[in-house]
Amino acid sequence: MDSTSTDWQEFTNDIVEQLLDDGSNEEAMYGIEHHFVATTAEEADLAMQQGFLNGWDISELEQMEEEDGQIVFCFDVETECPLEEEIIGEEVVLMVEFADKNKLVYEGWGTHFEE
């Protein structure tokens with residue numbers, strides 16, 4: 001996905017709208033997972049250290065093989081917030097900036113349906 005703020009805002013709006021249309025609880029707090037990919041373990045480790053210094057909850061590093069056979073290194077930054085487009089949109093802007101500064105690819109965010 002292109003990392004322009006307009007594209008990410010549309011992505012965020014679509015996810016929030018789909019969850020609410022499916023009956024997800026508007027009042028709940030949602031665990032948000034922001035997904036990152038690095039091309040080397042060293043780049044991932046340095047970025048994860050920076051994330052810890054930012055006070056963020058960071059998942060464990062995972063090594064994955066892409067369809068073309070390239071090995072990449074993935075981790076998530078985990079946050080919690082209401083299911084509000086503006087709040088999540090602000091997080092996304094912060095995460096895209098984090099990715100750009102740390103030689104990462106930001107692959108978007110996800111969450112789970114809440115009763």
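The model is predicted, so local features need pLDDT of at least 70 and side-chain atom pairs count only at pLDDT 80 or more, while totals for chains, interfaces and linings use all residues. Residues are numbered from 1 along each chain as its sequence is written, and side-chain values use heavy atoms, with hydrogens and water left out. UniProt, in an unreviewed entry, lists residues 10–111 as "domain: Regulator of ribonuclease activity B"; its positions are given here in the numbering of this model, feature names are shortened, and annotations may be inferred rather than shown by experiment. That span is 41% helix and 33% strand, and its end C-alpha atoms lie 16 Å apart. Helices (H or I, at least four residues) and strands (E, at least two) are DSSP runs, numbered from the N terminus.

**The core**

- The largest nonpolar core holds 28 residues; such a core is a set of buried Ala, Val, Leu, Ile, Met, Phe, Trp, Tyr and Cys residues joined through side-chain atoms within 4.5 Å.
- Two or more core residues come from each of helix H1 (5–21), strand E1 (29–38), helix H2 (41–53), strand E4 (71–82), helix H3 (85–101) and strand E5 (105–110).
- H3 gives the largest share, six residues.
- Which residues have the most contacts inside this core? They are Phe36, Phe75, Ile88, Leu104, Tyr106 and Trp109.
- Take Trp109: leaving aside neighbours within four places in sequence, it is in contact (heavy atoms within 4.5 Å) with Phe11, Thr12, Ile15, Val16, Ile32, Glu33, His34, His35, Ile88 and Val92.

**Helix H3**

- Does H3 come out at, or away from, what 1.5 Å a residue predicts for its span — what do the ends say? The 17 residues should span 24 Å, and the end C-alpha atoms are 24 Å apart, which agrees; the expected span is 1.5 Å times one less than the number of residues.
- Its buried residues are Ile88, Gly89, Glu91, Val92, Met95, Val96, Phe98 and Ala99, where buried means under 20% relative accessible area, exposed over 50% and partly exposed in between (1.4 Å probe, protein chains only).
- As a reminder, an α-helix has 3.6 residues a turn, so residues three or four places apart point the same way.
- Val93 is also in H3, but Val93 is partly exposed because its relative accessible area is 41%.
- From Val93 to Val16 there are 77 residues in sequence and 16 Å in space, C-alpha to C-alpha.

- Glu91 sits in H3 and counts as buried because its relative accessibility is 13%.
- What does the side chain of Glu91 make polar contacts with? One partner is the side chain of His34, at 2.8 Å, and another is the side chain of Thr79, also at 2.8 Å.
- A polar contact is a pair of N or O atoms within 3.5 Å; within protein, one must be able to donate a hydrogen and the other to accept it, and residues adjacent in sequence count only if both atoms are side-chain atoms.
- Beyond four places in sequence, Glu91 is in contact with Ile32, His34, Thr79 and Cys81.

- Asn102 is in the loop between H3 and E5, and at 17% relative accessibility it counts as buried.
- A polar atom of the Asn102 side chain lies 2.8 Å from the backbone oxygen of Phe98.
- Not counting residues up to four places away, Asn102 touches Glu43, Ala47 and Gln50.
- Lys103 is in that loop between H3 and E5 too, but counts as exposed at 62% relative accessibility.
- Although it is not a glycine, Lys103 has a positive phi of about 55 degrees.

**Aromatic rings**

- There are seven aromatic pairs in the structure.
- Phe36 and Tyr106 make a tilted one, 5.3 Å centre to centre with 55 degrees between the planes.
- This pair ties together parts 70 residues apart in sequence, because Phe36 lies in strand E1 and Tyr106 in strand E5.
- Phe36 is buried at 1% relative accessibility, and Tyr106 is buried at 8%.
- Ring pairs link Trp8, Phe11, Phe36, Trp56, Phe75, Phe98, Tyr106 and Trp109 into a cluster.
- Rings of Phe, Tyr and Trp (its six-membered ring) pair if their centres lie within 6.5 Å; planes under 30 degrees apart count as stacked, over 60 as edge-to-face and the rest as tilted.
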